[in-house]
Amino acid sequence: MKEPMAIERAAVIGAGVMGAAIAAHLANAGIPTLLLDLKPDALTDEEAAAGLTLDDPRVALRNVKRGFDGALKAKPAALYNLRASQLITLGNLDDDLEQLEHVDWVIEAVIENLEIKQDLLARISPYLGLRTILTTNTSGLSIADLSEAIPAGVRPRFFATHFFNPPRYLELLEFVAAPETDPALIEAVAEFAESRLGKGVVVAKDTPNFIANRLGVFSLMHAMHTMLSSGLTVADVDALTGPAIGRAKSATFRTADVVGLDTLVYVAQGMADRLEEDPQRDTLYPPAVVDQLVEAGRLGQKSGAGFYKKEGRSISMVDPSTLEYVERNSPSFPCLAQAASEPDLASRIRGLFHADDAGGRFLRSNLAATIAYAAQCVPEISDRLPSIDDAMRWGFGWELGPFELFDAIGSEAVLAALDELEIATPPLLAKLAEKKQPAYKSIGHETVCFDPVAGKHDLVPTNPRRLSLAGRTIVEQLDDARLVDLGENVLALQFTSKRNTITPAWIDSASRAVDRAERDFRGLVLGSDANDFCVGANLQLVLDAVKAGQFDTVDSIVQDFQALTQRFRGARRPVVIAPRGLVLGGGAELVLAGGRVRSAAECYIGLVEVGAGLIPAGGGCTALLRRLDESVPDVAADLFPYVRRIFETVGMARVATSAAEARELGYLRPGDGISLNRHHVLADARDTVLAMELEGYTPERPRTDIRVLGRDAFATISSALDNMLEGRMVTEYDSVVGRRLAWVLCGGELSAPSKVSEEYLLTLERTAFVELCRDERTQARMAHILETGKPLRN
């Protein structure tokens, strides 16, 4: 693949929620961005009283600053860290349009109104540089209509870029060409967006609501209509349409509440109005209950009530027949109970689809109708089935797109369900059934997909940086792990334990992986295809050993884990850690142990052991102290503020909200790499191994001269804990755990500042960990986490 095009500066026009969030994500990617909005045409009473004029920056930038401030306060955070906000410059449309000449990409992101967008595009076009790219962020307006407002010389550089909200977190970015758009430009910007912005780009046709919203809204509306006709409740449908079928926890009605019922009505009704020839047009219109809720001001999460209503800790649901809120029922479908024991998603969906209870009948109707609608929309919305599946996975969080669902369920079962539902079988599905062919087939390491235009299966093109462990050659199957050939003679160590937890068996397998890499490969990458890299140790195994009084066993497990993390650093071949998603507890200690790290930007690293009444004991405390010693070479420097910061980070179980923040907290080093696209992490980690080899890799040696501060620093931290306990900021047992942590970080019983070895610090970690395990309050915390998933404050 060619190198992505260079976009050095960007501008976003419109500082509403979406425009400000797009600007924030461009800043996340290190791109200086100009954010513009309307200049106020009148003073507020406060501004007039202060004697300000319309040209005063406090007035002229009032609108754009409101949007910018909203992005700074957004939850979840729109920015990786506050430092990224410094790349955003604020301006207005009256005074700052001349600056557009100097940017490479201008994104218009104002209200979803054709005339307003056309007027704005016509207004800004004369200010663009000769090569400036101009795109519109729209969820479904006609791009051909929008392009009519643009001068002929700009039209080849104009197309739609539909970001999904929030732009930082949702992977999908739909591109839609205007009639005169240069196809080469679409390809170049797509490569840039994938590499620099972390996006999954899908090229859609210029049809109402493009791909993802067209199919997503249909599936949502069909679920609502089917609920009303089948007598199910809101809670029933959400139980059926969430994780059980590979969808988000918000499922159907919680998703509607989050989006906003007024927004949902606007999108669905507008789409249905424009799709006059669509055979499923009636299904696209929201059912009457949605309109009634909107009329009553119950707009969902933003108004406090929609399909659900939250009062304190109590959540009730609406009864569609009365619009009254009632207690949520606990869905008890036999099909869901049976599916819970099936880990394979395709098998689980197949079982649910064939189930003969009310839940099975609902899902058979909804899934079959959704698959049929997607097939009906080919080639109207896209000629490529993978583009449609990608759009639904990246935009709506479906683990399987509609044609992947078709293959998982099987053509015979889908067509039988359509016949039962009296839905006409689309020609595409009929052709696949006639050929007795799935939509997708695997041939060796490659995938082919049915091409509806050519009428045959064709190779699905792949980006070599989108590297997955699935389907690659397995070198060796181990306990709770497997070794996979990543290519270029680099070995990958993959978790296979539940939730990628660290177990004694996994520790042994990881040690064997280092042996194999040292003997037969150029290096080792520790990575995963899972959304979460590693959530730490298998706490149940630890608690079972503690309950049985097997403290020597606990000590041995911790010692083995410490030996592994030390071995990662000292391996004769490079060991690169490739985390993404949640990286907690022992998982964070693995990151701290890597010779180098290649992290996904969306990586949430934290040493959270204190929540279980424990401290990090797999080398985490030692690694942070070693890095501190290396980063402050001045022997006369006061180390206490830095040690206190480590204590606060670990003692408060702070979890980084991004890889960028993980650098600030010390979990990542300045030289560790960050990939904005999570699908690139494994390929980038493999390349890091090769780069380390090329640079002349030498293993790290254990340090014997790490500075620790001794008894006085411990006393100072202990005094602070006493004050926090007196002020009820911590519990009594929090202070006990905190003292054990401080004891390790300050060097144990040493009476004065000293230099100690890594082995000395590892022994302190292990001693404190086992001592805390003996305390019944720690055991209660561990049990509570295992039962509820939440820490206990005892």
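Me: Over how many bridges do strand S10 (residues 314-319) and strand S11 (residues 324-327) pair?
Reply: In this predicted model, local features need pLDDT of at least 70 and side-chain atom pairs count only at pLDDT 80 or more, while totals for chains, interfaces and linings use all residues. Residues are numbered from 1 along each chain as its sequence is written, and side-chain values use heavy atoms, with hydrogens and water left out. Strands here are DSSP runs of E with at least two residues, helices are runs of H or I with at least four, both numbered from the N terminus, and two strands pair if DSSP finds at least two bridges between them. S10 and S11 pair in the antiparallel sense, and the number of bridges is four.

Me: Which residue takes a positive phi in the hairpin of S10 and S11?
Reply: Val-318 has Tyr-325 in S11 as its bridge partner. Four residues lie between the strands of this hairpin, and the residue with a positive phi, near 65°, is Leu-323.

Me: What is the bridge partner of Lys-310 in S10?
Reply: S9 and S10 pair in the antiparallel sense over four bridges. The partner of Lys-310 in S10 is Ile-315.

Me: In which order do the strands S12, S13 and S14 form a sheet?
Reply: The edge strands, each pairing on one side only, are S12 (440-443) and S14 (456-459). S12 pairs with S13 (residues 446-451) in the antiparallel sense over four bridges, and Ser-442 stands opposite Thr-447 in S13. The sheet is open and its order is S12-S13-S14.

Me: Why is the protein described as being as compact as a globular protein of its length?
Reply: The secondary structure comes to 32 helices and 25 strands. The globule rule is 2.2 Å times the number of residues to the power 0.38, and the radius of gyration is taken over C-alpha atoms. The protein is as compact as a globular protein of that length because the rule gives 28 Å for 794 residues, and its radius of gyration is close to this, at 28 Å.

Me: What percentage of the residues in the protein is buried?
Reply: Buried means under 20% relative accessible area, exposed over 50%, and partly exposed in between, with a 1.4 Å probe and protein chains only. Of the 794 residues, the buried share is 54%.
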